[in-house]
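Trainee: Please take a close look at one part of this model for me. I want the helix packing and the residues around it, in one connected account.

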Amino acid sequence: MISHIRTMWLVFLHLFHKKATIQYPEEKIRLRPRYKGRIVLTKDPDGGERCVGCYLCAAACPVDCIALQATEDEHGRRYPEFFRINFSRCIFCGYCEEACPTYAIQLIPDFEMAEFKRQNLVFEKEDLLIDSQGKYPGYNFYKAAGVNIGVKEKGAGDQEERPVDIHDLLP
Amino acid sequence: MTVMQHIWIVLGVLFVLLNIAAGLIWVERRLLAMWQDRLGPNRAGPLGILIVLADTLKLFFKEDWIPPFADKWLFILAPAIVVGSVLMSFVIIPFAPQIVVADLNIGLLFFLAMSSLGVYSIVLGGWASNNKYSLLGALRGASQMIAYEVFMGLSLMGIVMLTGSFNLGAIVAAQQHTWFVFTQPLGFIIFFIAGIAETHRLPFDIPEAESELIAGYHAEYSGMKFGMFFIGEYLGITLISAMTATLFFGGWLGPGFLPPWAWFFLKTFFFIGIFILLRASLPRPRYDQLMGYGWKILLPLVLVNLLVTGAIALCLRG
């Protein structure tokens, strides 16, 4: 009996405790930078698309919500002809971000993407592309290494050396 | 009192009671939420009080379905009985001097009789639903309410002995100097426990017990028929709170700076708050624990209380 009354008193005191409720539309929770929300396609520091259309994200996606078609421009630079994410299927697992070799696809802290029509949840490339480098500023895939596709000259990349002139005697 | 005045009192009491019963939906959800460190419904209207309207509208627009396997007429009758019998009990409560629907000289007996009639709604509702969980709930409800009916009646007999009347007006008048909670503390505790069991509120919500019986006797009910059970439950809380205030806490008696009806409502709302606090804090006992607790502890206690009260009353008078 005493313990019952004590329980009731302790529960009553909760009237004056701080409430755990966050009143959502007015008051928002602080999302951490690594929160896995809406998916975006980022650009490199020169403003070009980072995506090279390698299909690794589409292959990694457990719910098959990513569809894309790769193509090349006149210099041989690969880019996606279309890039489509169906957010009504997406489970925001972040596997696409992990799979991406060029840091193009990234998940950002935003979950407010409710729509009245289901079709509006299918995002095309122009909806996904943002004018930002996302979480990896300064990274430029095409400038790191690789063949000349109009971004850098042969051997001018950050992680490569100039080609050796094999006819020269000096080291 | 003229006939017209009487009709006004009846209508006024009905209006206030039904509004309180509906408003308790909001009060309970808000208070329960506060005690669980939440906020509860606070969007519709000022402080969320229009949730009552939204809930009622929702209940009205739900499909009013009668299962094909149910006993149709009993199924319809059961929710009406619970509201009817509880509302009938309010007839004898003096809300303020002169404001009472029927000043019966056997008021207390009338209250006990009417609250016993409430068992029929549970039994008939559970039986007519033709569903094993409903029937189990109905069986539990019947035995629980009959068991606790016994102590409820007996716990009030101490008051009747001290007052010498079954009339609630006389009982309130007898508390002019001391509230009966001080002279009948055991009677108060047992009456309140029996009252919780009588309204089958948590922690004694054994006839409904969501976690064991889905929803017990009203599992098959939907729409406003379910709403009637709901309203009946809230009216029952109000009734037990009002009776506790009247019988043990001096009813409308109180210092003169507030009108008598205000004192009555203050006391009633205090006990409604206790009902909700009980729901927020205590877990449900097992069914056999409830019955054992009732018959093995409360019944002897209430008999001892009766005996001692009788002896003291006899000594004082002799």
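**Helix packing in chain B**

Mentor: Start with the contact between α8(B) and α12(B): Leu186(B), Gly187(B), Ile190(B) and Ile193(B) of α8(B) meet Tyr293(B), Leu298(B), Leu301(B), Val302(B) and Asn305(B) of α12(B). Contact here means heavy atoms within 4.5 Å. By class, these residues are 7 nonpolar, 2 polar and no charged. Nonpolar covers Ala, Val, Leu, Ile, Met, Phe, Trp, Tyr, Cys and Pro; charged covers Asp, Glu, Lys and Arg; the others, Gly among them, are polar.

A word on what you are looking at. The model is predicted: local features need pLDDT of at least 70, side-chain atom pairs count only at pLDDT 80 or more, and totals for chains, interfaces and linings use all residues. Residues are numbered from 1 along each chain as its sequence is written, chains are lettered from A and ligands numbered from 1 in the order in which they are written, and side-chain values use heavy atoms, with hydrogens and water left out. Helices are DSSP runs of H or I with at least four residues, strands are runs of E with at least two, and both are numbered from the N terminus.

Now the geometry. Two packed helices are described by the angle between their axes and the distance between the axes. Axes are lines fitted to C-alpha atoms, for helices over the stretch in contact; angles run from 0 to 180 degrees between N-to-C directions. The axes of α8(B) and α12(B), the latter spanning residues 287–317, come within 10 Å and cross at roughly 150°. Their crossing is left-handed. That term applies if the near helix is turned anticlockwise from the far one by less than a right angle; clockwise makes it right-handed.

Past the end of α8(B) there is a loop. His200(B) lies in this loop, between α8 (185–198) and α9 (210–213). His200(B) is buried, with a relative accessible area of 9%. Buried means under 20%, exposed over 50%, partly exposed in between, with a 1.4 Å probe and protein chains only. Leaving out residues up to four places away in sequence, His200(B) touches Ile122(B), Gln144(B), Met145(B), Asp205(B), Pro207(B), Glu208(B) and Tyr217(B).

Ile159(B) and Phe188(B) are 29 residues apart in sequence, with their C-alpha atoms 9.8 Å apart in space. Ile159(B) sits in helix α5 (residues 132–163). Ile159(B) is buried, at 0% relative accessible area. Beyond four places in sequence, Ile159(B) touches Gly164(B), Ile171(B), Phe180(B), Gln184(B), Leu247(B) and Phe248(B).

Helix α4(B) (residues 107–129) and helix α10(B) (residues 223–248) pack at an angle of about 160°, with axes 13 Å apart. That makes α4(B) roughly antiparallel to α10(B). The cut-offs: under 35 degrees is roughly parallel, over 145 roughly antiparallel, 65 to 115 roughly perpendicular, and the rest oblique. The crossing of α4(B) and α10(B) is left-handed. Leu108(B), Phe111(B) and Ser121(B) of α4(B) make the contact with Phe229(B), Leu239(B), Ile240(B), Met243(B) and Leu247(B) of α10(B). Of these residues, 7 are nonpolar, 1 is polar and none is charged.

The last pair is α1(B) with α11(B). Helix α1(B) covers residues 3–35 and helix α11(B) covers residues 260–281; they pack at about 45°, with axes 10 Å apart. The two are therefore oblique to each other. The crossing of α1(B) and α11(B) is right-handed. From α1(B), the contact takes in Val16(B), Ile20(B), Leu24(B), Val27(B), Glu28(B), Leu31(B), Leu32(B) and Trp35(B); from α11(B), it takes in Phe265(B), Phe269(B), Ile272(B), Gly273(B), Ile276(B), Leu277(B), Arg279(B) and Ala280(B).

Asp37(B) is in the loop between α1 and α2 (51–61). Asp37(B) has a positive phi of about 60°, yet is not a glycine. Asp37(B) counts as buried, at 17% relative accessibility. Leu47(B) is also in the loop between α1 and α2. Phi of Leu47(B) is positive and near 60°, again in a residue other than glycine. Leu47(B), however, is exposed, with a relative accessible area of 60%.
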